[in-house]
Amino acid sequence: NVLDQTKTLSAAFFCFFLLGNRQSIEQMFALLLLLVSALVMESIIPVPFLSPKDTNENIEQGMTAPTSASSVVVLDERKTRWMAGVVPVLIASLLSGMAGALTQK
């Protein structure tokens with residue numbers, strides 16, 4: 001799971017706030033890249049050229065635009081994905097990063 005890599009971010013965060021360890025500019029840039037890549041890979045930040053587009057081929061193959069009922073299903077799936085997937089992983093990553101920082105003390 002790509003989102004689990006945010007443990008590195010939380011470890012750096014807690015090392016800074018609990019231990020006072022500062023990161024260099026290069027380390028902060030690398031942490032920012034890690035955060036953005038995790039968010040893109042999990043489709044939290046949409047990247048237009050990575051998402052499929054409606055084309056004439058899709059329409060010819062019987063794929064139609066989403067209806068309001070299917071939009072509700074998609075929204076429900078997104079909420080479930082957040083509550084059953086993203087949020088628990090972020091909480092586990094935060095706790096793991098905090099534990100890592102505290103063991104360095």
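Predicted model: local features only at pLDDT ≥ 70, side-chain atom pairs only at ≥ 80, totals over all residues.
Q: Which secondary structure elements does the chain have?
A: It has 4 helices and 0 strands. From the N terminus on, the order is α-α-α-α. Helices (H or I, at least four residues) and strands (E, at least two) are DSSP runs, numbered from the N terminus.

Q: How much of the chain is buried?
A: Of the 105 residues, 15% count as buried. Buried means under 20% relative accessible area, exposed over 50%, partly exposed in between (1.4 Å probe, protein chains only).

Q: What about contacts between residues 24 or more positions apart?
A: They account for 79% of the contacts in the chain with a separation of 6 or more. Contact means heavy atoms within 4.5 Å.

Q: Switching to α1. How far does it reach?
A: Helix α1 covers residues 6–19, so 14 residues, and reaches 19 Å from its first C-alpha to its last. That is close to the 20 Å expected at 1.5 Å a residue. The expected span is 1.5 Å times one less than the number of residues.

Q: What follows α1?
A: Gly20, with a positive phi near 80°.

Q: Which α1 residues are buried?
A: Thr6, Leu9, Ser10, Ala12, Phe14 and Cys15.

Q: Why does Ser10 count as buried?
A: Because its relative accessibility is 3%.

Q: What does the Ser10 side chain reach?
A: It reaches the backbone oxygen of Lys7 at 2.9 Å, and that of Ser93 at 2.7 Å. These are polar contacts: a pair of N or O atoms within 3.5 Å; within protein, one must be able to donate a hydrogen and the other to accept it, and residues adjacent in sequence count only if both atoms are side-chain atoms.

Q: And where is Ser93?
A: Ser93 is in helix α4, residues 68–104. Ser93 counts as buried because its relative accessibility is 2%. Its side chain makes a polar contact with the side chain of Thr6 (3.3 Å).

Note on methods
Residues numbered from 1 in each chain as written. Heavy atoms only, no water.
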